Amino acid sequence: MRIEQDLKLGFKDVLFRPKRSTLKSRSQVELTRDFTFKHSGRQWSGVPIIAANMDSVGSFDMAKALAKHNVMTAIHKHYSVEDWASFIQENSADVLKHAMVSTGTSDADFQKTKDIMALTDDLMFICIDIANGYSEHLVEYVEKVRTAFPDKVISAGNVVTGDMVEELILAGADIVKVGIGPGSVCTTRVKTGVGYPQLSAIIECADAAHGLGGQIIGDGGCTCAGDVSKAFGGGADFVMLGGMLAGHEESNGEIVEKDGQQLMKFYGMSSQSAMDKHSGGVANYRAAEGKTVLLHYRGPVENTIQDIMGGVRSTCTYVGAAKLKELTKRTTFIRVQEQENNVYGRE
């Protein structure tokens, strides 16, 4: 047993230090970034925010809505090949370039991914997603997928330390997904005692990835637009959002009527709800590591994504970053013990 004494930080532990800026308006800030990916060599340009691949967030409808804002969606893995065929037939190449095909690591998952990717050349992103990215099986699976799809952009995770980021990139991942336990409906830290504060995970993993020419996705822990900015400021190339994009018309969550109000069910993908729905219940060798909550129905996602993007633009004006790419270079975080005045609650 050993103890690391360095304190690790979450988003609530810091604020941006403002700096002189020549920017006169948020409208001058460019959120679009251009990427060239290490192994695939593919190029992509867009706003690097991603809707999470949860079945009450990462829907086909969400992908269509967010593509209008040049934002990406990781489509959840529970759609069938036939569902994908219909989605592809009904949507333009531009929408498809903003969609990630999610997969697990079983033989059946591999075959399904091959079947989906064979439907069109317009799909360019594959998201290999398991809860514990420290499994050697994930490394082997990334190598297998890279061999099968040499020209596709592969994301893999989740991990929280630089050593594993490097291993996944060397195995063939273009992007590594970073985050264990920070999600709003994730209970991994409570059930297992495992985790890593998300801002420190992003800072350390981004450093490791960028040293090898790879990228990272900061996945989880954002509760407001300011947290999204902090993730980018810490070095995340992409930021993945679950709870912030849940509860919307396009989320395709189950709507529940309670006390005359419309509520939408939202749950973690390792929760009892998810395993009951997709796996016939929780296997007797494991515990559920997610919770189920009811959110107020929030209508179309349009206003929410505009609010998030507006907040990030505003951050950039406070620190003098004309482009999102410049934000991390302009970032100085200050350690704090208070974030906001909550006397009237959060808006």
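At what angle do the axes of helix α5 and helix α6 cross, and within what distance do they come? In this predicted model, the two axes cross at roughly 30° and come within 8 Å. Helix α5 covers residues 136–148, and helix α6 covers residues 162–171. Angles under 35 degrees count as roughly parallel, and α5 and α6 are therefore roughly parallel to each other. On the α5 side, the contact is made by Glu136, Leu138, Val139, Val142, Glu143 and Arg146. Their partners on α6 are Met164, Glu167, Leu168 and Ala171. As for handedness, the crossing of α5 and α6 is right-handed.

A second helix pair can be described in the same terms. Two packed helices are described by the angle between their axes and the distance between the axes. Helix α9 (residues 225–233) packs on helix α11 (residues 302–319) at an angle of about 55°, and their axes lie 8 Å apart. That angle makes α9 oblique to α11. The crossing of α9 and α11 is, once again, right-handed. From α9, the residues that meet the other helix are Ala225, Val228, Ser229 and Phe232. What they meet in α11 is a set made up of Asp307, Ile308, Gly311, Val312 and Thr315.

Next comes a look at one histidine, His248. Its place is in the loop between β10 (238–241) and β11 (255–258). Is His248 buried or exposed? With a relative accessible area of 0%, His248 counts as buried, because buried means under 20%. The side chain of His248 makes a polar contact with the side chain of Thr304, at 2.7 Å. Setting aside neighbours within four places in sequence, His248 is in contact with Met264, Tyr297, Arg298, Gly299, Pro300, Val301 and Thr304.

That leaves the cysteines. How many disulfides does a search of the whole structure find? The search turns up 0. Cys186 is in no disulfide, and the nearest cysteine sulfur, that of Cys222, is 14 Å away. Cys186 is partly exposed, with a relative accessible area of 27%. Cys224 is partly exposed, with a relative accessible area of 26%.

Technical notes:
Residues numbered from 1 in each chain as written. Predicted model: local features only at pLDDT ≥ 70, side-chain atom pairs only at ≥ 80, totals over all residues. Heavy atoms only, no water. Helix = DSSP H or I, 4+ residues; strand = E, 2+ residues; numbered from the N terminus. Buried < 20%, exposed > 50% of the residue type's maximum accessible area, 1.4 Å probe, protein only. Polar contact = N/O pair within 3.5 Å; in protein donor to acceptor, adjacent residues only side chain to side chain. Contact = heavy atoms within 4.5 Å. Disulfide = S-S within 2.5 Å. Axes fitted to C-alpha atoms, helices over the stretch in contact; angles between N-to-C directions. Parallel < 35°, antiparallel > 145°, perpendicular 65-115°, else oblique. Left-handed = near helix turned anticlockwise from the far one by under 90°.
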